[in-house]
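Trainee: Could you take me through the reading of a structural model, feature by feature, with the general idea given before each case?

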Amino acid sequence: MFYTTRLNPLTCSQYISMKENPAPTSPPPIQSVSSQTPSTGVSPQVIPLIALSTYPAIIDCPNCHARTTTRVNLTTGARATCWSCLCCLCLGPCAALLPCILPNCKDYEHYCGNCNRLLAVVERSGATRIIVY
């Protein structure tokens with residue numbers, strides 16, 4: 001299914017401000033996690049495993065019980081494999097490599113930054129599979 005949204009037209013001042021201050025295109029910065037809390041007394045926001053996204057996040061590892069930043073790896077999932085088979089049947093064997101190469105077809109595996117255990121997989125469909133035993 002395709003969803004379309006209608007955008008509001010920009011005013012001249014909004015367009016000029018967008019040209020002067022373009023939106024950042026890089027992912028949010030990764031914050032280092034230390035064992036001490038900052039001087040303001042605010043601890044970094046810990047994200048539950050079910051709410052992980054495509055970027056590294058600060059989590060409490062259920063395996064080693066450390067507060068750490070996840071390490072994210074791209075992997076070819078079941079959806080990319082199905083698309084490869086479909087491309088092979090319709091477009092030929094060379095086209096079967098496209099879903100395996102393109103990062104938009106891959107899933108995101110989150111590993112603990114401390115014990116390197118696989119914690120969760122965020123699929124391209126948006127679903128999150130938690131892999132903690």
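The dialogue below turns to the sheet, the core, a helix residue and the salt bridges.

Mentor: Keep in mind that this is a predicted model, in which local features need pLDDT of at least 70 and side-chain atom pairs count only at pLDDT 80 or more, while totals for chains, interfaces and linings use all residues. Residues are numbered from 1 along each chain as its sequence is written, and side-chain values use heavy atoms, with hydrogens and water left out.

Trainee: In what order do the strands of the open sheet lie?

Mentor: Strands here are DSSP runs of E with at least two residues, and helices are runs of H or I with at least four, both numbered from the N terminus; two strands pair if DSSP finds at least two bridges between them. In this model, four strands form an open sheet in the order 3-4-5-6, with antiparallel pairing. Strand 3 (71-75) and strand 6 (128-130) are the edge strands, each pairing on one side only. Strand 4 (residues 107-111) and strand 5 are joined by four bridges in the antiparallel sense, and Y108 has V122 of strand 5 as its bridge partner.

Trainee: Which residues make up the largest nonpolar core?

Mentor: A nonpolar core is a set of buried Ala, Val, Leu, Ile, Met, Phe, Trp, Tyr and Cys residues joined through side-chain atoms within 4.5 Å, where buried means under 20% relative accessible area, exposed over 50%, and partly exposed in between (1.4 Å probe, protein chains only). Here the largest core has ten residues: L49, L52, A57, I59, C61, Y108, C112, L119, A120 and V122. Strand 5 (residues 118-122) supplies the largest share, three residues. With contact taken as heavy atoms within 4.5 Å, A57 touches I47, L52, T68, T69 and T70, its neighbours within four places in sequence being left aside.

Trainee: Is S84 buried or exposed?

Mentor: S84, which lies in helix 2 (residues 78-91), is buried, with a relative accessible area of 9%. Beyond its neighbours within four places in sequence, S84 is in contact with A96, P99 and C100.

Trainee: How many salt bridges does the structure hold?

Mentor: Side chains of opposite charge can pair when their charged atoms come close. The criterion is a side-chain nitrogen of Lys or Arg within 4 Å of a carboxyl oxygen of Asp or Glu, and the structure holds two such salt bridges. In one, R67 pairs with D60, the closest N and O atoms being 2.9 Å apart; R67 is partly exposed at 38% relative accessible area, and D60 is partly exposed at 38%. In the other, R129 pairs with E123 at 2.7 Å between the closest N and O atoms, with R129 partly exposed at 40% and E123 partly exposed at 24%.
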